[in-house]
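Colleague: Can you walk me through this model? I have a few quick questions.

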Amino acid sequence: MTVTVLFVCLGNICRSPMAESIFQKMVDDAGLSAKINVDSAGTGAWHVGERPHPGTRRVLQQHGIRSNGRARMVRAADMTDPASYIIAMAIDNMDELLHRFGDHPRLFRLLDFALEAKVRDVPDPYYENNFEYVFELVSDGCRGLLTTIRRNEGL
Ligand code: 4NP
């Protein structure tokens, strides 16, 4: 059985594609790519079809991580698989998902899994241009998330 992990932010060009790439690398390194599918989406439509933001691409490249994919919106089908993990980058993304699709048994905020971070919402680098800081926060959350999923799923 495979598990899907869907990271969700607003535009799907900065934070959630960064999380997708970081988490995919961790999954690959753990030899779990056949067991864990990784994806990302946005709640907004402005950037649908675009590649990740240059700031996201740059920071990933600096850390030797490949970026891929094009922006898309979250759809109802993403939210109907109870076995998926839906990982919001910040509370406003979570609220938007709840408002639009109702509750999901595995809807979480990424930084609730973080071990080091002092904040619980990933700030939006689209406005703050703090891509390196966001990279560190997202990496922290992804490490904890993978540990949790491995434990939950017996992987
Ligand atoms: P993201 O960043 O949600 O991390 O992808 C944003 C990208 C675009 C916009 C807002 C946030 N925007 O308003 O266009």
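This is a predicted model: local features need pLDDT of at least 70, side-chain atom pairs count only at pLDDT 80 or more; totals for chains, interfaces and linings use all residues.

Colleague: Which residues are around the ligand?

Modeller: C9, L10, G11, N12, I13, C14, R15, H47, D124, Y126 and Y127. Being near here takes a heavy atom within 4 Å.

Colleague: How does that shell divide?

Modeller: Six nonpolar, three polar and two charged. Ala, Val, Leu, Ile, Met, Phe, Trp, Tyr, Cys and Pro count as nonpolar, Asp, Glu, Lys and Arg as charged, and the others, Gly among them, as polar.

Colleague: What does an oxygen atom of the ligand reach in R15?

Modeller: An N or O atom of the R15 side chain, at 2.7 Å. A polar side-chain atom of H47 also lies 2.7 Å from a ligand oxygen. The protein buries 94% of the 350 Å² that the ligand exposes taken alone. Those areas are Shrake-Rupley, with a 1.4 Å probe.

Colleague: Switching to α2. Which residues there are buried?

Modeller: G55, T56, V59 and L60, in a helix covering residues 54–62. Buried means under 20% relative accessible area, exposed over 50%, and partly exposed in between (1.4 Å probe, protein chains only). Helices are DSSP runs (H or I, at least four residues), and strands are too (E, at least two), numbered from the N terminus.

Colleague: Why do they line one face?

Modeller: Because they fall within an arc of 130° seen down the α2 axis. The arc uses directions from the helix axis to the C-beta atoms. Q61 and Q62 are exposed on the other side.

Colleague: What do the buried ones pack against?

Modeller: α1 (15–29) and α5 (131–153). Contact means heavy atoms within 4.5 Å.

Colleague: Next, D78. Where does it lie?

Modeller: In the loop between α2 and β3 (85–88). D78 counts as buried, because its relative accessible area is 15%. Its side chain makes a polar contact with that of R72, at 2.9 Å. That term means N or O atoms within 3.5 Å, one able to donate a hydrogen and the other to accept it; residues adjacent in sequence count only if both atoms are side-chain atoms.

Colleague: And N93, buried or exposed?

Modeller: Buried, at 2% relative accessibility. N93 sits in helix α3 (residues 91–101). Its side chain reaches the backbone nitrogen of A90 at 3.0 Å.

Conventions: Residues are numbered from 1 along each chain as its sequence is written. Side-chain values use heavy atoms; hydrogens and water are left out.
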